[in-house]
Amino acid sequence: MTFQGWTLIAVFIALVIALAKPMGLWLFALYEGRATPLHRLLGPVERGFYRLAGIDPAAEQGWRRYALHMLLFQLVLLLFTYAVLRLQAVLPMNPRALAAIGPDGAMNTAISFVTNTNWQWYSGEVAMSNLSQMLGLTIHNFLSAATGIAVAFALFRGFARQEAATVGNFWADCTRVTLYLLLPACILYALFLIASGAPQTLASSIDATTLEGVRQTIVLGPVASQEAIKMLGTNGGGFFNANSAHPFENPSALTNLVQMLSIFAIGAGLTWCFGKAVGNTRQGWAILAAMLLIFVAGVGVVYWQEAAGNPIHHALGIAGGNMEGKEVRFGIAASALFSAVTTAASCGAVNAMHDSFTALGGMIPLFNIQLGEIVVGGVGAGIYGFLLFALLAVFVAGLMVGRTPEYVGKKIEAREVKLAVLSIAVLPLCILALSSLSAVLPAGLAGPLNKGPHGFSEILYAFSSGAGNNGSAFAGLSAGTPFYNGLLSVAMWIGRFFMIVPVLAIAGSLAAKKQVTESAGSFPTTGPLWVGLLIGIVLIVGGLTFLPGLALGPIADHLAMASGPLF
Amino acid sequence: MLKDFTSAIRPALVLTALFAGLLGLAYPAALTGLAQVLFPAQANGSLIRHGDRVIGSRLIGQAFASPAYFHGRPSAAGAGYDAASSSGSNLGPTSRALAERIAGDVAAARSESALPVPADLVTASASGLDPHVTPQAALHQVARVAAVRGLPEARLRDLIAQRTETPLLGFLGERRVNVLALNLALDGLGGNPAR
């Protein structure tokens, strides 16, 4: 570990904290439906969309209608992308004559992008035409992010409103977030990436003759436009197989820093926006503090382990940290930091290959995902996931002192706690059941590249990533089979919507309640005691479930790494 | 419930079509137009040309096998530095295949220089297209290149020093050398030609 490495980590965290309020202010304007400076320019587009689609943005929806409209939109989007991928061979902009994507692969990819997972069983540059990348995939990077933020807004309204029957209008939330936040931010962001070296062309490839006279086909395309929203929307689906490790996606250490910031920017802003929405910004800061404390602990372990390196390789004659699967321009610190950021948020972009990390260095990204990616988290998904844990935390605190728990002015009763437990329990159930299944069936065992405990880690990581809607991988796993495409589709769908629907139900239930005034007996949810309790609940409820699985995978791998057997 | 459902059909269909046009076509197309005007070199892949011939991209590593050139890192992209098939090795920390590969590359590196073997010289990058090596990995190859080229080692060490990029603002990025740029400069030094 170096001073330079820790400087990077410290600067990164300071910038995230600095971004939280400005981003939160902008999000709060969209949450309230107030005009932003961009409305003058884009207002006509918004109104035109509503008129053509027959939407009344002022028509408030109850949680059921909000959820149903959201689900139907996802279904239509899913079928649209399925069609684009299946028809790839006959659609235009396919100069390399790439074949259509098979049915199981197309379904997996459509679900993957709709659910903000961006799990990729395929290699982008090998399988996808430029049209598929733009029309089939880029739109989901926007709309799945906008959907996540819309759901978070609905939950905020549940806390903020009193005796209300409605939680907002899904179509308006989704459209406003896309038009006034994601699209303009991505235009600027993409221009920065292009200036830094990311290609943006409709050409598909160029042939070079190398210095040694060998032909090198270099795949190009509309990379920057996809890259920008891939990061800002915590999607993570790369244009290229190597994702943000590819020099065209992430050309320099500066773009790398900006990419990491853009993963956290909206998630951090949403914590501030939540505080503002419930009338006390300290509530938001308390959540961000708890998130960042868990985050720093994780980064510390990855960086320590990767910088310490692999004793097996030291014995072969190379000194220092683990550089297998890392890029020289990033080095160890920026790779370790990126891996923690991308898994703490449900992004899933990678700038180094997690599969080649040391055993414990690779366990932290896996564990971050298993916690539910609530440490800053995916756009929208992070904050609503974290608020579920907050409900559990006040419930536990209420049990200890024998009072009905309250959180930001709402009584938390049996219905909310049951729904919160339901959506939290779905994740481990899905991950552990499907991983176990794959670890015994021949079709599952055919997947891993690595043998021994690391092979099991590859399987466990895949289902954690799928159900957690992360999308990163221990990429040695050959996941492009009907078996894995099928099971991972199930995991991604359940992980996304068995969380969102209960969250909306909680929003509806909270909105209907009266505000209770804080009294001397209320448990304060802004101070250090609260932050500590939150972290404890996240680690115990979110983490403990996975310890046996981690013992069989990364922990066994770590013991092997120290004692020397090879697999 | 049924009314909730039917009232969503038109917005879902129409917004899918409108957003597909806006986000899937207009947004990337407009950016492509802007990029081709504002940053044409970067937008088309930061290509390096010799006359009509495209040598490669400044950002994409390429395979060097000749002893007269500095070599990049081991690559798992296709058959090596395949810029149509980026990939890391994905071999794990206890992988026998990885240990054997590293052992072989360490032995080869030791046969060329008595300097300690830098880790990046014998480990595959994440993309398989890493355009850089550390200055140590370049220095490790100086004796070989100098002998083949008939150039003094000191000149090559100077060249590496000149070509070493340093961290931005002191903390962003690592000290590194772009292998293709280094080899292009090497061809300009004279000495025995590479082929």
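## Sheet in chain B

Val133(B) stands opposite Val177(B), a residue of strand S5(B). The model is predicted: local features need pLDDT of at least 70, side-chain atom pairs count only at pLDDT 80 or more, and totals for chains, interfaces and linings use all residues. Residues are numbered from 1 along each chain as its sequence is written, with chains lettered from A and ligands numbered from 1 in the order in which they are written.

S5(B) covers residues 176-178 and runs antiparallel to S3(B), joined to it by two bridges. Two strands pair if DSSP finds at least two bridges between them. Helices (H or I, at least four residues) and strands (E, at least two) are DSSP runs, numbered from the N terminus. The open sheet of chain B has three strands, ordered S3-S5-S4, with antiparallel pairing.

## Buried side of H7

Which residues of H7(B) are buried? They are Val179(B), Leu180(B), Leu182(B), Asn183(B) and Leu186(B). These residues lie on the same side of H7(B), because they span an arc of only 160° around the axis, taken from the directions from the helix axis to the C-beta atoms. Buried means 20 or more other C-beta atoms within 10 Å of a residue's own, exposed 12 or fewer, and partly exposed in between; C-beta atoms are placed from the backbone. The cover over the buried residues of H7(B) includes S2, S3, H4 (135-139), H6 (153-163) and S5 of chain B.

## Domains and hairpin

Chain B splits into domain 1 (2-43) and domain 2 (47-187); the bounds come from an automatic or database domain assignment. The centres of these two domains of chain B, taken over C-alpha atoms, are 41 Å apart.

S1(B), residues 47-50, pairs with S2(B) in the antiparallel sense over four bridges. The two strands form a hairpin with two residues between them. In the turn, Gly51(B) has a positive phi of about 60°. His50(B) faces Arg53(B) of S2(B).

## Contact between the chains

Chain B gives 87 residues to the contact and chain A gives 102 (two residues are in contact if their C-beta atoms, placed from the backbone, lie within 7 Å). On the chain B side, the elements giving two or more residues are H1 (2-38), H2 (40-43), S2 (53-57), H3 (96-110) and S3. H1(B) gives the most, with 22 residues. By class, this side of chain B has 51 nonpolar, 28 polar and eight charged residues. Here Ala, Val, Leu, Ile, Met, Phe, Trp, Tyr, Cys and Pro count as nonpolar, Asp, Glu, Lys and Arg as charged, and the others, Gly among them, as polar.

## Loop residues

Ser46(B) sits in the loop between H2 and S1 of chain B. Its phi is near 50°, a positive value in a residue other than glycine. Ser46(B) counts as buried because 22 C-beta neighbours lie inside 10 Å. In chain A, Asn116(A) lies in the loop between H4 (103-114) and H5 (124-127). Phi of Asn116(A) is also positive, near 65°. Asn116(A) is buried, with 31 other C-beta atoms within 10 Å.

Ala114(B) belongs to the loop between H3 and S3 of chain B. Ala114(B) is exposed, with 7 other C-beta atoms within 10 Å. Ala114(B) and His140(B) are 26 residues apart in sequence, yet 8.3 Å apart in space, C-alpha to C-alpha.
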